[in-house]
Amino acid sequence: MELILVNLIDGLVTGLLLFMLSAGLTLIFSMMGVLNFAHASFYMLGAYFAYQISIALGFWMGLLLAPIIVGVLGAGVERYGLRRVHQYGHVPELIFTFGLALLIEELVQFIWGKNQMPYNVPEILNFTAFSIAGNSIPAFKIFMIFVSVGIFVGLLFVLTKTRVGMIIQAALSYPRTVEALGHNVPLIFMGVFGVGTALAGLAGVIAGPVLGTFPGMAFVLGSIVFVTIVIGGLGSLWGALVASLLIGWLTTFAKSYNVRMEDILNGIGFSTPENMGESALRDLWTITSPQIADILPYILMVLILIFRPAGLFGKRHQ
Amino acid sequence: MSTPALELTGLKKSFGKAEIIRGIDLSIGKAERHAIIGPNGAGKSTLFNLITARFPPTSGTVKLHGESLAGLEPFQINRKGLSRSFQITNIFPKMTVFENVRCALLWPQGYKYSFWNLVNYKRDLTEGADAILEQINLLERRDLPAGTLSYAEQRALEIGITIAGGANVIMLDEPTAGMSNTETDYITDLILKVTEGKTLIMVEHDMSVVFGLADRISVLVYGEIIATGKPADVRADPRVQEAYLGAALEAEH
Amino acid sequence: MTDQITTDPSKPSQRMRAGSMTITVLPWVAGAIALAVMPAIFTSNSALTIMNQMWITVVFALAYNMLLGQGGMLSFGHAVYAGVGGFACMHIMNMSDFFAAMPLPVLPIFGGLFGMGMAMIVGSFSTRNAGTVFAMISLGVGELIAACSVIIVAFFGGEEGISGDRTYAMPFFGNEFLQQIDVYYLTSFWVLVSAILMYLWSRTPVGRMANAVRDNPERAEFLGYSARWVRFYSFTASGFFAGVAGGLFAINYEILTEENLNTASSGVILLVTFLGGVGFFFGPIIGAIAFTLLQTVLSLQTELWAFYAGVLFLATVMFFPGGLAGLLMMHVPVFKLGHARSLVMPYLKTLLPAAIGLLGLAALVEMTFHFRHAALGDDEMTVFWTTFDTHTILPWIIAGVVTLVGLGIARATAPSLKEAWSAANTAPPVTTAKGGAA
């Protein structure tokens with residue numbers, strides 16, 4: 001029972017972290033129709049910038065400044081890169097962001113090298129918040145939960161309760177009309193792109209110390225984020241939230257409970273073959289759940305696509 | 001009585017709470033030229049999209065030569081001999097004019113998804129496409145990218161693509177929209193020529209085109225057909241007059 | 001029978017056909033001759049290795065462009081189909097009895113069939129949509145299969161991969177493919193055959209409709225074609241030729257690992273294809289040749305070659321979405337008008353300084369990298385055959401000045417190049433046209 005609680009918290013942390021990325025990605029996608037392949041790269045930049053700032057000014061300044069810098073960079077990318085490519089259509093846009101992701105990874109290696117950076121949890125949060133049956137829950141995890149929930153509530157508030165949010169929502173569906181009403185739609189796009197990437201940057205700042213700050217971090221998380229929004233349904237913010245939490249818990253539970261495929265297969269009535277060494281299916285029998293935890297999201301995605309092509313919350317379209 | 005080419009019974013369509021098409025019964029005979037007119041927003045294009053399965057209807061049936069089209073995809077309906085054009089020009093702009101027409105010939109001539117035929121060496125395709133181009137007067141533009149044609153020429157090409165496959169039910173959605181008088185005359189003649197002996201259903205705003213072409217006319221107002229009949233009868237119908245006049249008055253406010 | 005041969009020049013269709021035979025056959029003959037002659041010019045073993053790599057990339061890139069260029073489907077996981085084909089070939093190589101009864105040149109067909117099988121499975125659900133959704137699915141499936149490679153050890157061989165020996169095949173007219181040159185001709189043969197087949201595919205009804213569906217799927221549906229099935233067939237065919245490329249890889253390297261499947265490989269093939277140009281059939285061929293050369297030359301010279309490749313790629317997407325092939329074909333009208341000569345000088349005036357400026361910039365980048373990452377005390381570096389100390393100011397000034405001057409001149413001369421370009425593209429006035437018509 002206690003272990004379940006610990007896993008619930010761990011999964012929540014992972015899920016919320018995923019949501020900070022997928023939320024920005026979803027906003028950008030539903031507004032501009034562009035799936036920003038480089039989204040996770042901005043998350044990585046957030047972590048690296050925060051690390052660099054934390055050396056000079058401490059963790060908290062990093063938390064404040066790094067997302068802003070990342071957001072400004074993101075807005076710049078939209079203004080000077082994406083807007084230019086936009087005229088060629090969606091596929092070149094996607095290719096552009098893909099190239100950008102490659103380039104940012106190379107750039108990060110160029111500046112900071114290939115090794116992991118010693119970007120650590122700040123002293124003030126480096127203690128055990130409480131423990132459940134001998135499993136200690138570090139304070140930083142609680143801090144991560146608070147930051148991401150705060151961001152989520154803030155985002156919800158801005159989108160549903162403020163004028164800016166109204167305009168953004170309207171621009172999502174009727175960009176022409178909104179432009180005709182005198183709003184600067186390109187500026188809104190740039191702003192949304194900037195905020196979306198800043199969110200990714202913030203996720204990087206708080207995830208860097210836990211998951212490690214290294215050049216591959218964008219790629220490790222990036223593909224999971226894409227899977228998340230496909231599962232949730234492209235363009236659906238609620239879908240992104242549900243899918244993020246689902247994947248967070250799924251992977252966490254799969255990792256902590258060692259379920260063996262052999263037991264499952266025996267359970268549903270198949271008996272273990274005598275000569276495992278020669279069977280072509282021997283790998284199937286020896287699979288354990290921690291082993292496949294990292295690919296569970298992909299399997300889930302394929303299943304969702306087969307049985308519900310528009311995703312969990314996506315609109316069915318022709 | 002022979003089976004009608006196209007028969008609609010109780011056709012309805014709602015988008016959310018808005019009921020756009022509210023129960024249409026219409027029967028169009030073989031080789032009939034039928035025009036659907038009505039004020040803006042009456043649901044004419046929606047009706048077209050329902051018939052060709054671009055949207056699924058909320059209720060009601062569409063029958064082509066007595067055969068229900070329920071649950072069929074657009075491409076399956078097309079294969080049954082119903083072909084349509086679009087209100088907004090819908091061609092393959094990067095391909096040449098010739099290729100646009102040839103694409104329309106591939107399925108009807110039985111090439112299907114084959115990968116053992118080379119289209120360039122098929123006489124029937126080349127000659128068939130050239131014959132269509134000749135019919136729509138675009139032979140001179142044959143090897144130009146379709147996107148570079150003038151608006152009227154693109155509309156003509158759109159009609160060419162629509163009729164190329166030899167479908168016996170042709171649906172044209174505002175073929176003369178946005179054209180000058182001479183261009184309109186050109187397209188009207190073209191339609192007369194290419195739909196000889198076929199069933200034609202068209203949505204049109206230009207009354208001179210409608211009265212020049214149609215054997216029968218249906219008037220669609222707010223998702224319902226208020227009158228169907230010969231052009232002269234429809235013109236004299238007081239309800240039609242009222243609907244048009246009313247709509248015109250409303251538009252002024 | 002006779003009336004089939006007569007051509008009536010007044011009919012444009014027949015005018016076209018009379019000339020088209022020679023136009024379509026000529027490049028293939030030239031290609032075949034080039035393939036055959038190359039080893040006589042570049043005789044070293046390393047050159048053969050590079051050329052083999054190049055040709056394999058050509059097949060893969062052409063297969064990839066069946067999707068991207070002709071079908072409008074962007075795949076982020078196409079390495080999977082090449083990889084699965086390759087792995088299947090490795091397993092066949094290890095089935096000693098079966099393999100001993102099969103001549104080696106047949107093996108790529110099996111690679112193709114397995115790649116195709118895989119593509120059919122994935123395509124059955126991924127081709128419902130083009131565009132973003134397709135791209136995402138391809139990425140997800142790619143990741144999934146790459147991740148499976150460490151789990152399904154029986155097929156993918158885990159971390160070590162699967163290796164084999166091609167020489168166990170049945171001798172092919174006495175040849176056991178021991179020498180690199182033998183493998184070269186085998187590869188060349190398959191490159192030529194695959195390229196021709198892929199070209200012909202683009203001329204078939206399903207190939208033409210792939211273009212139609214790419215440009216306007218809705219219209220295609222109203223012409224009797226299911227957009228989904230057209231995509232599915234393109235995807236399947238592309239999977240087949242990707243599998244052939246995988247089979248050729250297996251024959252050449254005799255080992256396949258997870259690296260052949262992963263997203264990085266898929267990304268490379270996207271880069272190659274886009275760099276070459278997706279708009280023309282021969283684009284990926286140029287791309288594969290240029291990229292392989294670039295990779296070979298640059299990776300010997302600098303650690304940062306991936307960085308340069310990334311910059312080049314991004315610049316292509318932003319400024320030359322037609323790729324190298326697009327750049328080349330842009331010049332066709334100029335040649336047709338006979339104005340090519342008038343462009344030579346303006347090009348030299350702009351591109352030469354630009355190239356020098358870019359080299360200067362590259363030197364700055366290299367020096368910065370060295371300055372930041374070289375081991376302590378290792379202050380000397382060599383750039384462009386010059387060795388110097390990066391901790392002194394002079395080299396920085398020189399590189400900086402070269403960069404600024406080079407790019408500055410290029411910038412100053414760019415407007416006149418633009419003028420010359422538009423002048424060269426303008427058709428001559430009517431008077432000359434009259435003379436030409438007579």
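Chain B has 9 helices and 10 strands. The model that shows them is predicted, and the predictor gives the complex an ipTM of 0.87 and a pTM of 0.87. We start with chain B, then turn to chain A, and end with chain C.

How far does chain B extend? Along the principal axes, the C-alpha atoms of chain B fill a box of roughly 55 × 40 × 40 Å. A compact globule of 253 residues would have a radius of gyration near 18 Å, and the 19 Å of chain B agrees with that. Of these 253 residues, 44% are buried. Contacts can also be sorted by distance along the sequence. Among the contacts in chain B between residues at least 6 apart in sequence, 67% join residues at least 24 apart.

One part of chain B can be followed strand by strand. Here 4 strands form an open sheet, in the order E2-E1-E4-E5, with antiparallel pairing. Strand E2 (18-28) and strand E5 (67-68) of chain B stand at the edges; each has a single partner strand, so one side of each is left without a neighbour in the sheet. In general, the strands of a sheet pair through backbone hydrogen bonds, and the pairing is either parallel or antiparallel. Within this sheet, strand E1 (residues 6-15) of chain B runs antiparallel to strand E4 (residues 59-64) of chain B, and 5 bridges join the two. Which residue of E4(B) is the bridge partner of Leu6(B)? The partner is Leu64(B). A helix also belongs to this picture: helix H1 (residues 44-51) of chain B packs on the sheet and touches E1, E2 and E4 of chain B. The direction of this helix makes about 65° with that of E2(B).

Chain A has 14 helices and 2 strands. Its C-alpha atoms fill a box of roughly 75 × 55 × 40 Å, taken along the principal axes. For 318 residues, a compact globule would have a radius of gyration near 20 Å, and chain A, with 21 Å, agrees. Buried residues make up 43% of the 318 residues in chain A. Of the contacts in chain A with a separation of 6 or more, 76% are between residues 24 or more positions apart.

Next comes the way the chains meet. No contact joins chain A and chain B, and their closest C-alpha atoms lie 8 Å apart. There are 2 pairs of chains in contact, and of these, chains A and C share the most contacts. In that pair, 36 residues of chain C are in contact with 39 residues of chain A. Several helices of chain C give two or more residues to this side, among them helix H13 (263-276) and helix H18 (341-373) of chain C. The largest share, 13 residues, comes from H7(C). Sorted by class, the side of chain C that touches chain A has 27 nonpolar, 7 polar and 2 charged residues.

Finally, how confident is the predictor about chain C? The mean pLDDT of chain C is 85, and 92% of its residues reach 70 or more. Over residues 1-19 of chain C, pLDDT stays under 50, and the model has 8 contacts beyond four places in sequence for them. Residues 430-438 of chain C also have a pLDDT below 50, and this stretch has 1 contact in the model beyond near neighbours in sequence.

Notes: Residues numbered from 1 in each chain as written. Chains lettered and ligands numbered in written order. Predicted model: local features only at pLDDT ≥ 70, side-chain atom pairs only at ≥ 80, totals over all residues. Pairing = 2+ DSSP bridges. Contact = placed C-beta atoms within 7 Å. Axes fitted to C-alpha atoms, helices over the stretch in contact; angles between N-to-C directions. Nonpolar A, V, L, I, M, F, W, Y, C, P; charged D, E, K, R; others polar. pLDDT = per-residue confidence, 0-100. Rg over C-alpha atoms; globule rule 2.2 N^0.38 Å. Buried ≥ 20, exposed ≤ 12 C-beta atoms within 10 Å, placed from the backbone.
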